[in-house]
Amino acid sequence: GDLDLDESAEAAEERERAAAAAAAKSEFEKLQADRALLPMYPYRDQLLAAVEAHQIVIIVGETGSGKTTQIPQYLHEAGYSKLGKIGCTQPRRVAAMSVAARVAQEVGCKLGNEVGYSIRFEDCTSDKTVLKYMTDGMLLREFLGEPDLASYSVMMVDEAHERTLHTDVLFGLVKDIARFRPDLKLLISSATLDAEKFSEYFDYAPIFRIPGRRYPVDIFYTKAPEADYLHAAVVQTLTIHVNQPRGDVLIFLTGQEEIEACEELLKQKTRGMGSKMGELIIAPIYANLPSDLQAKIFEPTPPGARKVVIATNIAETSLTIDGIRYVIDPGFVKQNSYNPRSGMESLMVTPVSKASAQQRAGRAGRTAPGMCFRLYTAWSFQHELDDNTIPEIQRTNLGNVVLMLKSLGINDLMNFDFMDPPPTQTLFRALEQLYALGALNDRGELTKLGRRMAEFPLDPMLAKTIIASEEYKCSEEIATVCAMVSVGGAVFYRPKDKAVHADNAHNNFHRGAVGDHIALLNVFNGWAESNFSTQWCYENFVQVRSMKRARDVREQLLGLMDRVEVQLVSNPGDHDAVRKAVCAGYFYHTARRQKTDSYRTVKNPQTVDIHPSSGLREVLPRWVVYHELVLTSKEFMRTVSEIKPGWLVEIAPHLYSKKELDDPSARKMPKGQGRAAMVA
Ligand code: ADP
Ligand code: MG
């Protein structure tokens with residue numbers, strides 16, 4: 001009897017194995033069939049011929065044509081990967097990850113083997129990787145180690161129309177290396193039709209246009225402006241759900257917080273709906289969403305249900321979600337803005353451009369006719385929206401990029417081949433700040449310190465903080481603080497129904513702390529002491545995900561610190577040392593309290609307030625250093641610590657005099673001009 005049983009168990013196992021293999025095979029076959037349905041597919045051979053014949057090709061095609069997922073595969077299948085890696089850049093990390101995951105499936109390999117991705121603080125590639133998706137910022141960093149991109153046979157600069165800062169800088173670099181690497185193929189791909197500008201810039205490279213398939217999209221406007229677009233978006237979604245035939249909904253919001261609020265509101269409103277209404281499946285997507293949840297937006301909607309994707313701008317062109325019939329567009333995006341005169345930079349919610357609004361509407365008409373609901377008036381669209389989005393290079397701080405270019409030996413930035421040059425004043429401001437940080441000497445050349453700073457994939461101010469921390473004997477603590485401020489996404493969690501508990505838990509981290517930097521250090525150390533326990537995070541209302549990411553980032557920072565020989569030293573409890581190290585990098589980001597209880601930034605005076613999320617929001621110390629400014633209803637300083645003005649004189653004597661900081665009358669005297677002269 002026993003023998004028989006054994007045999008049948010084995011047979012069953014074998015049967016299961018065979019079934020799984022067949023399922024996998026048919027899954028694989030289905031993916032191949034899907035590939036053949038993409039608009040790109042009929043032009044495969046013509047594209048390969050164009051790439052064969054020309055070193056640089058500009059590719060234009062509607063979102064969803066298959067540019068990102070298919071072209072690198074075609075080149076791989078045609079044998080280019082035998083000559084070197086095929087690289088493909090993406091402006092967004094989520095897109096790089098998600099597209100790489102999809103292509104790995106289509107190729108039939110494990111992600112990180114033949115197909116991989118590389119984003120800041122996360123390298124999912126191996127020696128086997130031949131198709132590499134990466135953020136544009138990561139490719140820029142690769143230039144530091146491999147200035148001729150020798151390990152690549154093809155580089156595709158994708159989503160070129162997005163004109164992110166890093167993509168714009170890449171244009172200049174790849175154009176340059178194409179001249180002395182005739183074997184390197186260069187593809188520049190874009191989702192918008194005006195590709196002439198790219199062609200012209202790349203010495204009149206040929207344009208390959210993939211004929212689009214697109215269904216009509218009806219556009220609806222509101223009759224009057226919406227006071228609360230979040231609420232309006234939720235109401236619109238429910239109206240669609242009740243009145244319109246099947247088809248998924250895509251809502252464009254500006255960031256994680258809004259998306260989570262919208263998700264919450266939708267769940268609340270549908271809770272009472274009877275079972276007659278189809279299920280509403282809510283799928284959020286934004287930069288810090290963990291990868292296991294990212295896949296949800298691509299899952300097919302079951303019959304009878306309706307999917308609502310709530311996305312940031314990432315769904316505008318970077319990711320294509322099949323099945324969207326309805327787009328809801330409140331008309332806003334979060335953008336950085338920079339004032340080179342004052343050196344102030346901030347993130348703010350801004351109206352989109354007409355071009356952006358048109359792209360968003362297009363997402364509704366990919367597979368069938370669709371509808372787009374703009375939550376603003378037709379008049380607004382006509383008269384208030386700019387035609388195009390200003391390239392990021394013209395509205396951001398260039399400190400990081402200038403440091404990187406200097407490390408690449410590119411000294412004459414005024415004559416760098418920018419497609420659209422940044423304002424001269426912005427370049428000057430970056431040079432001046434790098435000089436003040438000690439990264440450049442007075443001839444504008446990279447110093448030894450600057451070279452070490454450039455090794456860190458961080459803002460120069462943060463890099464300087466890390467290197468300076470050795471001197472203040474707190475490099476161990478600063479590695480933690482830098483990791484915590486770099487994770488993006490919130491650390492603290494405050495559910496509405498447990499707000500009091502959450503506040504109590506959070507106050508513990510601030511107790512005795514002299515600012516948010518130390519509080520963040522306390523959070524990490526508390527978690528580490530609990531042996532990185534998830535339970536600990538729940539009990540303390542701290543986001544597990546952010547913490548895990550901070551731990552990873554910290555590990556990488558420690559590795560980089562080892563490489564540039566920053567000694568690991570620690571003096572637990574010396575909070576002054578930590579704050580001095582922060583000041584050593586952030587001496588430009590200081591503010592003094594006014595009589596009104598608002599703050600005035602010390603350099604380039606501007607009125608700012610402490611962000612409501614800060615532990616110092618009620619303490620209001622006289623002098624503070626802040627990590628960043630965010631502009632919402634007001635200009636807020638986020639992540640703030642108390643400092644002593646004497647530290648500034650000690651740390652940055654070239655910028656701060658005792659007299660200026662002590663004597664209120666000395667502060668009134670220079671009317672902008674005087675102060676600017678002193679900075680220069
Ligand atoms: P393009 O770059 O031209 O906008 P893509 O190559 O990104 O087009 O998309 C081609 C197809 O691949 C689309 O139908 C899209 O839905 C699908 N796709 C892309 N990424 C994923 C993913 N992570 N999961 C499932 N499908 C995906
Ligand atoms: Mg794409």
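This is a predicted model: local features need pLDDT of at least 70, side-chain atom pairs count only at pLDDT 80 or more; totals for chains, interfaces and linings use all residues.
1. The UniProt annotation "domain: Helicase ATP-binding", from an unreviewed entry, covers residues 48–211. In the model, the end C-alpha atoms of residues 48–211 are 16 Å apart.

2. Strand β2 (residues 85–90) is mostly covered, with 6 of its 6 residues buried. In a regular strand, side chains alternate between the two faces of the sheet. Lys85, Gly87 and Thr89 point one way from β2, whereas Ile86, Cys88 and Gln90 point the other way, and all are buried.

3. Which strands pair with β2 in the parallel sense? One of them is β6 (residues 152–157), joined to β2 by 5 bridges; in this pairing Thr89 stands opposite Val157. The other is β5 (residues 131–135), which pairs with β2 over 5 bridges, and there Lys132 is the bridge partner of Gly87.

4. An antiparallel pairing is found between β14 (residues 332–339) and β15 (residues 344–351), which 8 bridges join. Within this pair, Val333 stands opposite Thr350 in β15. The two strands, β14 and β15, form a hairpin with 4 residues between them. Gly343, in the turn, has a positive phi of about 75°.

5. Helix α19 (residues 516–529) has 14 residues and reaches 20 Å from its first C-alpha to its last, close to the 20 Å expected at 1.5 Å a residue. Its buried residues are Asp516, His517, Ile518, Ala519, Leu520, Leu521, Val523, Phe524 and Trp527. The cover over these buried residues of α19 includes the helices α17 (475–486), α18 (499–510), α20 (534–539), α21 (544–563) and α22 (575–586), as well as strand β21 (635–642).

6. Not counting residues up to four places away in sequence, Asp516 touches Ser614, Gly615, Leu616, Thr639, Val640 and Ser641. Asp516 and Gln594 are 78 residues apart in sequence, and their C-alpha atoms are 21 Å apart in space.

7. Backbone angles deserve a separate remark. Most residues other than glycine have a negative phi. Just after α19, however, Asn531 takes a positive phi of about 65°. Phe532, in the loop between α19 and α20, also has a positive phi, near 55°. Phe532 counts as partly exposed because it has 14 C-beta neighbours inside 10 Å.

8. Where does Tyr204 lie? Tyr204 is in the loop between α7 (196–201) and β8 (207–209). Although Tyr204 is not a glycine, its phi is positive, at about 60°. Tyr204 has 11 C-beta neighbours inside 10 Å and therefore counts as exposed, the limit for that class being 12 or fewer.

Key:
Residues are numbered from 1 along each chain as its sequence is written. Chains are lettered from A and ligands numbered from 1 in the order in which they are written. The expected span of a helix is 1.5 Å times one less than its number of residues. A residue is buried if 20 or more other C-beta atoms lie within 10 Å of its own, exposed if 12 or fewer, and partly exposed in between; C-beta atoms are placed from the backbone. Two residues are in contact if their C-beta atoms, placed from the backbone, lie within 7 Å. UniProt positions are given in the numbering used here, feature names are shortened, and annotations may be inferred rather than shown by experiment. Two strands pair if DSSP finds at least two bridges between them.
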